[in-house]
Amino acid sequence: MSRPEAAAAAMAHEDALDYDVVVVGGGPAGCAFVRTLLRDPSHRRLLLIERATFPRDKVCGDALTYEAIPAIQQVFPELCAMTPSASTTTRQLLVYPGPREFTRHGTPLDVIPRLELDGALWDAVASRGVDTLQGARVEDVLLDGGRVRGVRLSQDGRERIVTCRLLVGADGSRSVVRRATGPVADDYVIHAVRQYARGLPDTARDHVFLFDLEHRGYFWIFPFLRDGERWANVGYGNATDSRLLKERFREYCRSPEAARHLAAARFEGRPVGFPLNLARLTWTGRPRRAFWGPGYFLLGDAAALIHPLSGEGISFAIESGRLAAEVLLDSRIPERAHGRVYQQRVLERVRPAFLSIGAYCAIRLPMVLPAPLRRAYLGLAWHAHRWLGTVEGAVGPVGIARLRPRAEHWLLGLLLAALLLFWGGVALTGRPLGSPYGVRAVLFVALGAGFCLLHARRWQGSRFAWMFAALTLTCSALAETVGVLTGRLFGAYAYGAALQGRLGGLVPIVIPLAWYVVSYVSYAAAAVLVAPLPGRRAATPARALSRALTAALLFVGYDVVADPNHLHRGGWSYPGGGVYLGVPLQNFAAWFVLGLASFLVVERIRRAGEPRPGSGAATLGVLAYVGLLVHESLYAGWIAGHPEASVVGLVAAATVVLVWRGRPMAALRSP
Ligand SMILES: Cc1cc2nc3c(=O)[nH]c(=O)nc-3n(C[C@H](O)[C@H](O)[C@H](O)COP(=O)(O)OP(=O)(O)OC[C@H]3O[C@@H](n4cnc5c(N)ncnc54)[C@H](O)[C@@H]3O)c2cc1C
């Protein structure tokens, strides 16, 4: 019998049930879908079918990431007391062969055994009066002309047919719905095993990852508290070789690195394995197989929504369930568009995580690099991490993994890349290549100004960002106009022909913008250098003054190195000359006074309560200042022939870095 004939015959079956929506699978994805749909009390006729009987176990690492915790709280508000639980930690230990060990301080991670978590999710939906079938296994999907019409299930040795208008496949990595509705040859399925251990020391709280780079996998230890005793979910999985998985798992358990964390632990039961259907997105972020088709949706693991590098899937399962139900609940979306909108929303949600550069640097890159390069990469990252590691979101695989690139990161990255390109050209040819000075100045300044505006917004809010920009742009446009007209402020000077596009025919537009960039990065760096120590009052007049003074010093320090470079580039000239590399000292005095005055005004516009710089924002502010200063110092020594200015600049940059590094991390944390 062909499939459509079988479907027609089945639908005429006397033991048939009929529903609007049938959900296969009562795991996190299925329960999140049903729970969200039940927000509308007049919900459709709905049936939830589950093969197992709750409470049931599910082979998993049981780790709830910082995204899973709010996802559960949002969909199941009645379970808010469950997570974060007493097992929550914010520390992960990432150990690469070598061994190179990185400690990652970050967002909360919880561990709740799936026996308990899934039981609670199931109860949360079953207790709301929805029709459920437990111990009922879906054997096949009924198709009619390519459209899903229902399922055939078996329960207690009896077969039943259930027809529906929409079938929701939430039946996990071995999904029957997925297999029956489309190709699976392209799926990327790997395997992992886990076992529980108990009797760990109470100090064992960190989540530990031991990377098996050769087989593209890792061994994990995720500790949790159960009835006052410390347990751990211990497991291993890899992407290249699923044979001998349990042997490798046992080898890892005996390894000295694991033994350090599992001292005195007793293993319970046996290691159990389960497949993971990893997500496969193209480079453009499209899924290899759609999450929907005529008459059906796929959710969670059934849609292959497991993070391709970390193996995490609970948060994506819950989110896909929520998003699917929200599409059905939204009366503005026509039924024919449900599948398309659902897929689009899921992709918007998962793309940043699945295509994360941070995860790639931390997990995949060490796995794909040839051994010598990998050693160099991990070595460099390790040193950088030790050096900068006290600041979250810094450098190195672990720091990068925390950094979610935002627009300002890209702009700063582009600016630093443009500067590197400039220096690459100089190293190869001995002189600046490519675009003329005026064009280069506009490019660098535009990238810098974009970065400053976005960084200021994220750090202190929009009001501060716009007021800072307006203040410094106005101050510089006025000062430069007076300066160039009278020669009284900075000494007598004239702009060169390379800088075109002048305000009122006098001051090149790029000048106030450059002034804004230098002011802003000086101020952002100063905010870090004088950030209050823990326990000290943040908003005091003395601190405001010292911040303004430090910013003014950094501001003029930059000009001491850069001003002679601009004479060399032809940006401007002092016809009367000057005692310092052709620049009159009056120029620096004016920079200092004007800088200090504007920073004092900035202190007035900062909001009361004085937010401290978040550590990520702090890092970027200092990096931007030091990057620009080092660029000008190199230019002074290498191209302009001013070694003394170069030394001053490099010493100043090193001093800023040393002072910044000397600050305790807590001083840089957001309150
Ligand atoms: C070893 C391992 C470790 C993992 N570690 C983590 C981790 O630490 N953190 C994390 O976030 N993710 C982890 N994952 C991934 C995570 O387990 C899944 O992403 C998550 O369970 C997906 O939820 P789901 O509801 O889509 O599927 P599932 O949780 O698999 O639920 C599917 C449900 O459908 C039922 N079902 C299946 N077939 C049928 C059928 N034919 N008829 C009726 N019912 C059926 C099943 O009984 C099950 O209850 C791990 C996975 C594995 C295998």
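Q: Which residues touch the most other members of the largest nonpolar core?
A: The model is predicted, so local features need pLDDT of at least 70 and side-chain atom pairs pLDDT 80 or more, while totals for chains, interfaces and linings use all residues. Numbering runs from 1 along each chain as its sequence is written, and side-chain values use heavy atoms, without hydrogens and water. A nonpolar core is a set of buried Ala, Val, Leu, Ile, Met, Phe, Trp, Tyr and Cys residues joined through side-chain atoms within 4.5 Å; buried means under 20% relative accessible area, exposed over 50%, partly exposed in between (1.4 Å probe, protein chains only). Among the 79 residues of the largest core, those touching the most other members are Val23, Phe33, Val34, Leu46, Ile49, Phe76 and Leu167.

Q: Which helix gives the most to this core?
A: Helices are DSSP runs of H or I with at least four residues, strands runs of E with at least two, numbered from the N terminus. With 9 residues, the main contributor is helix 8 (residues 314–329).

Q: On which side or sides of helix 3 do its buried residues lie?
A: In helix 3 (residues 68–75), the buried residues are Ala68, Ile69, Ala71, Ile72 and Val75. The arc is taken from the directions from the helix axis to the C-beta atoms. Because these residues cover an arc of only 165° around the axis, they lie on the same side of helix 3.

Q: Is Leu545 buried or partly exposed?
A: Leu545 belongs to helix 17 (residues 541–569). Its relative accessible area is 44%, so Leu545 is partly exposed.
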